[in-house]
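Trainee: I would like to go through this model with you, one local feature at a time. Can we start once it is on the screen?

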Amino acid sequence: MLGLIIKKEVLKRLYDLRFFLLLSVSLGLVGISTWASIDELAVRRESYRYLRYHARERTNLDHAFIVKPPNLFMFIRDGEQDLPNLMKIEPHILHYVQNTDTSEQSLLRDAPSFDWVFLITYVYSFLAILITYDTVVGEKESGTLRQMLSNACSRSIVILGSFIGNIIMIWVPLVISCLLGMLLILLNDHVQLDSEGWIKIGLVILLSAQFILVMGGIGLLTSTFFERASTALVASLLVWVCLVIVIPGAARLLVEGWYPVPSLKELQNQLEAARRMKFSATGLSGQAIWDIVTMPGLTETQKQKRLAALQAETYARHEQAIETFAITTGKILAAYSAKLMHQAEMVRLLSRLSPAATYQYAIDTILPAGVVRHRQFLSSAERFLNTYTDIVQSLRRRFRDQADVRGGWTQITYHGVTYRLNSIESISYANVPFNRELLPEFRMLTSNFFQSIQHALLDICVLGLLGALTFVLALVLFLRYDIR
Amino acid sequence: MIEFRLLGAVLLVFLLFGLSSINGKQVYRRELNNLNEQRLIHQAKLRRARVYRQVILQMLRQPTPLSILVSGVGGRYGNIAQLGGKFMVDFPDDPRTQKILTLTPTNLFLSKLLDLDFSQLVLLFFSLLVIFLTHDVICGEREQGLLKLCLSYSVSRHQLLLGEYSGVLISLMLPLVFMMFLWLMILHIPPVVSLSASEVIRLVIIWGLTLFFLSGLIFLGLWISAQARSSATSLAVLLVIWVGLVIVYPNSIPTLARRLAPTYGILDKAFFQSWTPRRSEDTWRRLSTQALVAERLRMLAPSTAYIRAARVMAQTDIGTHIRFVNQARLLNARLMSWQEKKLRRYPGRDVRFEPIPLDISGLPAAEYQPESIAQSLHRIFPDIVLLVIFNLSCWWGALRALNRCPVTE
C-alpha cells in the first residue's frame, strides 16, 4: 500500500506545473551560478599566483606577506569575497585589520555570493514548501483523502507515503541540477577535483537533500495543521520567511545591539597609545648626559667610558621598547579580531534556530568555506607568525650590525666639548641580505575530511532531528485530522 | 480589510520593524557622536598647525535620521574624508594624500544578506502580503460564482478592477501608517532625534514610493488572478515571480556588475604597488564605475528600483557615497592649489617651523554639500518612470485579462 501511495504522489507531482517550475528554475540557476563561479575561480587563481609571487619577493627580516589560496569549492559556497586574502606579518604582529582607506575597497561588499548554497537556501527551500503545503489539505479539499482512507490503509501509511512521494519529487530536480553543475565542472579545466573533493560534493548534495527534507516537512506540517489549503500556504510561507530570513537577520540585529564591536576609531586609539608609550620609552633626555659630564672629579676618559656604558644601556632599553611595542600591537590587533570573532560566534549560535543557517554552517564546515575557511586561514597565519618570529629573531641577532638603525642625537656642550648620545627610534632589516630558504613557507592548513565531518556533526544532527521532528509532528496532527 | 490569518504576519513585521528602528537609532547616535568627536580632534590639530604640511582638511558626512528608517549602505563605505592636498595625511607612515575612512563598526565575519529596515520589510513582507490578498480576487470569486453576481449589477469591469484595487491598497495603507507612527515614536523616545523640514518631505516621498511600488504589485496580482484558471495556479505563478523579483534578481546584481565592469585583481595588485594619486584615481574610477553599473541594473526591476529610490531619498545609497568621495577629491585639488599659492608666498613653510602663526586665510571650507531634494528626485527619475510603467502595464494587463475572462468556470 505504501508503494502505491508513493507512486500516486510521484505521478501527481509529475503532472503538476509546480514540479516543472522547480525543475526548470533550479536547472537554469544552478547552471548559471556554476558557470559564473568557474570563471571567477580562474580570475582568483591568476590573482593568487600574482600575489604569491610578489609576497615571496617582498618577504624580508622586517615583514612577510601571506596569501590565502582561492577556494576550489566556491561554486558551492563562496562567502569569502569580502574577507582579506592577503595579510602582512611582522615579528609578533599579524595585521588582521587591512587598510582603513575605504576608497580602495570594493563598493559591492556585503552582497551574498550567487552559489549553490544560496540557491538551495533561498530558492529551492521556497519551492519545496510551495510543493508540499497542500499534500494533505489539498487532498482533503478535492475529496480524495476520504477515498484513500476508506481503503484498508492506516493514516500513518498515508502520511508516510505522501511525504516520501513528495520528497522524492523535490529531490529529483535537486539531484539533476547538481549533476548538471558537476558536469560543467568536469568539462572545465579550471577545477581539478580529487576523490576527496568529489566525496565532499556528494556530502553537500546529501546535506542539501536533508535540508530540503526539513523544509518539505514544514510544508507537510502546516498542511496537516490547517483546514484550508490557502491558509496552509500563507502559514508555511510565513514560517519560511521567519526561518530563512528573519531569524538570521534578527540574530544579527540582537547581537549587534547587545554586544557591539569596538569601532576602528577605538582600535586606532589603542594603537596610538601603544605608539606614544614607545615614543616616550625611546626618547633620550639630556639630563643623563649632563649628570655624567658635570660630575666632579671625573677625568675625560672616565666620562667617555660612562657615556659609552649609558649608550649601550640606552640601545638595549630602546630595542626592548621597540619589541614591547610590537608585542603590544600584536596583542591589540589579536584582541580586536577575537572580539569580531566572538560576535560572529554569538550570531551563529542564535541563528542556529533556523535550519537554513544550520545548513549553511554545516556546509561551511565540511568544505570548508566562508568564515570557517577564513578562520582556518587565520589559525595557519598565527602558527606561521610564531615560526616566523622565532626564526627572524635569531637571524636578526646574527645580522644586527647590518641593520639600518634610525634614531636621533641628543648632545650637550660643556666647557667647549660636545658630548652626544644616540637614541633608536626604529631598526630596519629590510635591506639585509639573507638566505630566503631559511624562512618558512606559508601553508594554509585546513582540517582534514574526518575532522570536518566531526565539527559539522552537531549541525548535521540538528538538521536530522528537525527533519524527524517535523515528520513526527505532522504524523501526530494527521492522526487527529478531521478529513471531512 | 486584512484577514485575520494575516494579522500574525503584520504583528511580526511590526516587531521586526521596531527592533530594527531601535538598533538603527543606536547606530545613528553612535555614528553622530564619533563624528563630532572626530571633528573636535581635527579642529584642535588644525589650531596646533605650524607648517603647511600639518594643514589637513577633514570633510565629514553626517548620518541622516532617515538612515534609521532605510539603513542602506550608510557610512559603511566611509564618511570621513581626510585630505592633505599635496602632502601626506599620515606623515611619515602612509604616502596617501587623501583618505576616506569609516568609523562604523563592521564585522567582516558576519554575512550581510539583508538589513531588515523599512524598505526591505516592505519588499519581503508587504509584497508577500499583496500576493496573498490579490491572488484569488478575480479567479477566487469566479470559482465561487461571485464574479457573475457582481457583474450582474450595473458595475463595469474596470470599475470592479478599481474597486478591488482600492480595497487592497487601503488594507495595506493601515499597517504602513502604523509603522510610520511607530517609527516617529521611537525617534521621540529620549534622546530625541528630530527631523528637519526637508527630511519630512523625503520621508513623505519614501512613503509615497512604497505605496506606488505596492500599487504596481496589486495590479500584477489582479492581472495574474484574472488570467489564471484557478487561484492555486495564480498563487504559484505570483510566488515564482516574487522569488525572481525579491530573491534572485536583487542578489544576482553584484555578480552581474562584477562581470559587466570587472575590476579583476586591481585591489589585490594595488597592495604591492606604491600609492600614487594617479593610481588612486584610476582605482576609484573603476570601482565607482562598477558600483554605478550595479545601480543601473537596479533600475531594471521594480523591486530593486524601489529599494534604490528609497535609499536615494534617505541618502544612504551608494550614489550618495560616490558623491561624497567625488566632492572630497575636488576639495583635495582645491587644497593643493591653495597650498601652492601659500608656499609661493611663504617659501619653505611646508616644513620649516616659525614662531609666527600660519596664514590660513582662504583655506577651502571642508563642508560636504548633501544632495537637495530636487537633485535626489532627478536621480530617482528613472526608477519612478519604471514604477509608472510597471503600474500602467500591470493595470492594462489586468484590465485586458478581466475584460476577456469568462465570468463562470
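Predicted model: local features only at pLDDT ≥ 70, side-chain atom pairs only at ≥ 80, totals over all residues.

Trainee: In what order do the strands of the open sheet of chain A stand?

Mentor: The sheet is open and has 3 strands. Their pairing is antiparallel. The order is E1-E2-E3.

Trainee: Why is one side of E1 and of E3 left without a neighbour in the sheet?

Mentor: Strand E1 covers 64-67 and strand E3 covers 93-94 of chain A. Both stand at the edges, so one side of each lacks a neighbour in the sheet. The reason is that each has a single partner strand.

Trainee: How many bridges join E1(A) to E2(A)?

Mentor: Strand E2 spans residues 86-90 of chain A and runs antiparallel to E1(A). Val67(A) has Leu86(A) as its bridge partner. Phe65(A) is partnered by Lys88(A). The number of bridges joining E1(A) to E2(A) is 4.

Trainee: Which residue takes a positive phi in the hairpin of E2(A) and E3(A)?

Mentor: E2(A) and E3(A) run antiparallel, joined by 2 bridges. Glu90(A) stands opposite Ile93(A) in E3(A). The hairpin has 2 residues between the strands. The one with a positive phi, near 75°, is His92(A).

Trainee: Is His415(A) buried or exposed?

Mentor: Look at the loop between strand E4 (404-414) and strand E5 (417-428) of chain A, where His415(A) is found. Its phi is positive, about 50°, although His415(A) is not a glycine. The relative accessible area of His415(A) is 69%, and the cut-off is over 50%. Therefore His415(A) counts as exposed.

Trainee: And Gln315(B), buried or exposed?

Mentor: Gln315(B) is not a glycine, yet has a positive phi of about 60°. Gln315(B) sits in the loop between H10 and helix H11 (318-345) of chain B. Its relative accessible area is 12%, and the cut-off is under 20%, so Gln315(B) is buried.

Trainee: Which residue gives the backbone oxygen that lies 2.8 Å from a polar side-chain atom of Thr304(B)?

Mentor: Thr304(B) belongs to helix H10 (residues 302-314) of chain B. At 5% relative accessibility, Thr304(B) is buried. Thr304(B) touches Tyr249(B), Pro250(B), Ile253(B), Leu297(B) and Arg298(B), leaving aside residues up to four places away in sequence. The backbone oxygen at 2.8 Å belongs to Arg298(B).

Trainee: What is omega for the cis peptide bond from Leu367(A) to Pro368(A)?

Mentor: Pro368(A) lies in the loop between helix H12 (355-366) and helix H13 (370-398) of chain A. The bond into Pro368(A) comes from Leu367(A). Omega there is near -15°.

Trainee: Which helix gives the largest share of the nonpolar patch?

Mentor: The patch covers about 470 Å² and is made by Leu162(B), Val388(B), Leu392(B), Trp395(B) and Trp396(B). The largest share is 4 residues. They come from residues 381-404 of chain B, helix H13.

Technical notes:
Residues numbered from 1 in each chain as written. Chains lettered and ligands numbered in written order. Heavy atoms only, no water. Patch = residues over 30% accessible without salt bridge, like charges linked within 9 Å, V, L, I, M, F, W, Y side chains within 5 Å. Areas by Shrake-Rupley, 256 points an atom, 1.4 Å probe, with all protein chains shown as cover. Salt bridge = Lys/Arg side-chain N within 4 Å of Asp/Glu carboxyl O. Buried < 20%, exposed > 50% of the residue type's maximum accessible area, 1.4 Å probe, protein only. Polar contact = N/O pair within 3.5 Å; in protein donor to acceptor, adjacent residues only side chain to side chain. Contact = heavy atoms within 4.5 Å. Pairing = 2+ DSSP bridges.
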